[in-house]
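Thanks for coming. I will go through one model this morning, and the picture comes up now.

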Amino acid sequence: MTINPDQSNSPNGAPAIRIVDLCRHYQMGEALIRAVDGVSLQIQPGEFVALLGSSGSGKSSLLNLIAGLDRPTSGAVIVEGRDLAHLSREELAKHRLRTVGMVFQSFNLVSRMTLAENVELPLRFAEVDRGQRQSLTRQALERVGLGARMTHRPSELSGGEQQRAALARALINHPRLLLADEPTGNLDSHTGTEIMNFIREFNQSLGMTIVMVTHERALAERYARRMILLADGKLVDDRPNNDRPHEDQPNPAAVTASRQRERR
Amino acid sequence: MKTYDLSELALRNLRESSLRNSLTTIGISVGVASLVAMLSLGIGLQKLATRHLAKSGLFDTVVVTSRRELRGFNRDDERSTASAAESRTLDEPARQEIERLPDVLEAYPDIRFITELSYQNKTHLTMVSGIPDSARSNDAFTGIPGSFFSSETAPEVILQKSFALELLGKTPPPGHEDDVPVRELAKPLLGQELVMRYAQRVSAPESAGENTPAKSGASTVSESDAAYSVISREQKLNIVGISDLDPDSMRGAARARVFLPLKLAQDLRVMQPSDVRDSMRGFSKQPSYSTVSVRVRNPKNVEAVEQAIKKLGFNTFSILDATRSLRQFFAVLDLFLGIFGSLALAVASIGIVNTLVMAILERRREIGIMKAIGASDGYVKKLFFAEAGAMGLLGGVVGVALGWAIGHIINLGTNIYLKRQALPPESFWSVPWWLVGAAIVFAFIVSLVSGLYPAARAARLDPVQALRYE
Ligand SMILES: Nc1ncnc2c1ncn2[C@@H]1O[C@H](COP(=O)(O)OP(=O)(O)OP(=O)(O)O)[C@@H](O)[C@H]1O
Ligand SMILES: [Mg+2]
């Protein structure tokens, strides 16, 4: 396994994500499906990583394990020093609520709720006061340019707008880690670019660590600074993206700030 | 704060699939309504019965007899009957003493005698009894054709229906007495005059007639110191009312069919059966009473008063045991009505389970999303629980209102029917506050219990699976 030497000199030294010999197998009748099969890797705070691979190569499975949505068959996922295997269901929910933000290819907004209600949900789960919830929700939606659409339902919005709302929701509790599963997969290239620019901005100005699943190599080369290739659940390639200009690097101060925010 | 937020979200979710949730809530409402309706009917009927029984005077009355009387009501009394020498006479001082006992409203002598009454030159023999003024609220005398006695000494009579039939010469075959409405009997009889012939007992010194003039000769009984005369007299009486019920039914064979004001009956000094016996035994200058009726403040006091009177040296009798079995009957009735009402609510609770399980299937993805963005199992569980509870609470409130309305309508309808039958209106419907509260709480608890399984199922849902499809 290759660990990119460039990324090891992170602000606090500890990796944001450390994955050790991770396996996630599914038993389908007689057949054993190795969705993730012995993956080991480390991701430093502030990194922008693209997870590449063909369909069925295990990208989503790996992302769900990092998100704490799923538990591994064997191996360890250590996020910010905490082994997710040792967390209770309750603690895993807290991990998803505070440490990671997720966006999906299909946006996954609750269709019965307005944008504001959708974005407010994580604040409700975090038991934030009512008054505070409203102003935070407004700010988050304004940041993604949806301040005027707060009371609209997801079905009344374009795909790009829905994904922006999903981004606002993912960021509402200030997580340090953004996990994006093909965030532009359902969008045309113009709207896709719009979403990617938001994600890049979160990485640079907020110092968030980004792990983005995509099967578009071009997209990965344009935005990510590190590309990991999966095939049949195995890590087959892991290298820095040298095409990306150097000034794209996140501001180290922002990364530190991001980490400090979490220590609260 | 937390529960408020949760209920807010739950209510918001309920509004979303409003048709299905309203139908479920209506289901609960109907269940609660039937429960409330059944129980209120039970409670109302019980109240009605208690009210009538209290008015009938059977349950707050103790009948006192002297132990010298041989007609004990049961074997125990017969055995305990003391010898004549040591038992007390049931006379005026004894009556006053009984009246002074705690919880005794009044104690009045039971004046009853068999005598001849002539109506339109025909003579009829029957038992006559004196009625105290307090009996005017008695069921047998309220709402009767005519009126109660105008005063305690008025020369007036109220006839029992069977006697009225006899006077009019149309005695129906036994078992068909109810076929003739009292009102028809009242028309020809009210305001008519009866002449009562009776034997007056007059103490020896004052034997010169000072009351109504004697018609026929007087015979004087004069033995040792008990000396009095018996004079045959006549008294004109005005018929003021006809009673449908038999207010004297408790007396069995000694029941009267003609009623006089008690004071009038006393003043007439009619020869009583006990007088004869007294004179045979040869003591007591004063008349004694064969029985004294004691009215007690509350049926609850009957037992204590009976004990107190027994201590004074008299025999007592009451229908206390009858109330006991009656209360038992209503407890069973309430139980049955409650079970049927609860069955309806149980069916409604299956509706809740169904609605919530359907909601989970339908909202699978939503639950998955909520969990993916950080909702804990507990939160999802509580949310579904809150939704079930909200439906239960709402259904409970609406159901109580519905049940109350149904009861009201039934009561109203029945009273219209009663009015057509020329019967006084009745309220056999009662929704006490405790029932309102209990029904709502019950609906709430049933809903929460129904929510247990769906909520647990929603909480267990695997978010990866839920988000994978569609
Ligand atoms: N719950 C499951 N049960 C059985 N097999 C599963 C399950 N989840 C994933 N798999 C299998 O694991 C493998 C990896 O799936 P995964 O969704 O991670 O692929 P992916 O790389 O995200 O593909 P895509 O690009 O199409 O989204 C697939 O072969 C899939 O069929
Ligand atoms: Mg995938």
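**Cavity, sheet and interface**

By class, the lining of the largest cavity has nine nonpolar, two polar and two charged residues. In that count, Ala, Val, Leu, Ile, Met, Phe, Trp, Tyr, Cys and Pro are nonpolar, Asp, Glu, Lys and Arg are charged, and the others, Gly among them, are polar.

Before going on, the ground rules. This is a predicted model, in which local features need pLDDT of at least 70 and side-chain atom pairs count only at pLDDT 80 or more, while totals for chains, interfaces and linings use all residues. Residues are numbered from 1 along each chain as its sequence is written, chains are lettered from A and ligands numbered from 1 in the order in which they are written, and side-chain values use heavy atoms, with hydrogens and water left out.

A cavity here is a set of points on a 1 Å grid over the protein atoms alone where a 1.4 Å probe fits but cannot get out, and lining residues have an atom within 4 Å of a point. Grid points are joined across faces, edges and corners, and the volume is the space filled by probe spheres set on the points. There are seven cavities of 30 Å³ or more, and the largest holds about 80 Å³. Its lining has 13 residues, with Arg96(A), Val100(A), Gly101(A), Ala170(A) and Ile373(B) closest to the centre. E6(A) gives the largest share of that lining, three residues. Helices (H or I, at least four residues) and strands (E, at least two) are DSSP runs, numbered from the N terminus.

Ile373(B) turns up again at the interface. Together with Arg12(B) and Val464(B), Ile373(B) supplies 22% of the area chain B buries against chain A, more than any other three residues. Between them the chains bury about 2,600 Å², 52% of it on carbon and sulfur atoms; buried area is the accessible area (1.4 Å probe) lost on putting two parts together, summed over both. The contact (heavy atoms within 4.5 Å) takes 30 residues from chain B and 27 from chain A.

Now a sheet in chain B. Four strands form an open, antiparallel sheet in the order E2-E10-E1-E11; pairing requires at least two DSSP bridges. Which strands stand at the edges? They are E2 (104-109) and E11 (314-317) of chain B, each with a single partner strand, so one side of each has no neighbour in the sheet. E1(B), residues 61-66, pairs with E11(B) over four bridges, and Val63(B) has Phe317(B) as its bridge partner there.

Conventions:
On a 1 Å grid over the protein atoms alone, a cavity is a set of points where a 1.4 Å probe fits but cannot get out, and a pocket is an open set with protein on both sides within 12 Å along at least five of seven lines; lining residues have an atom within 4 Å of a point.
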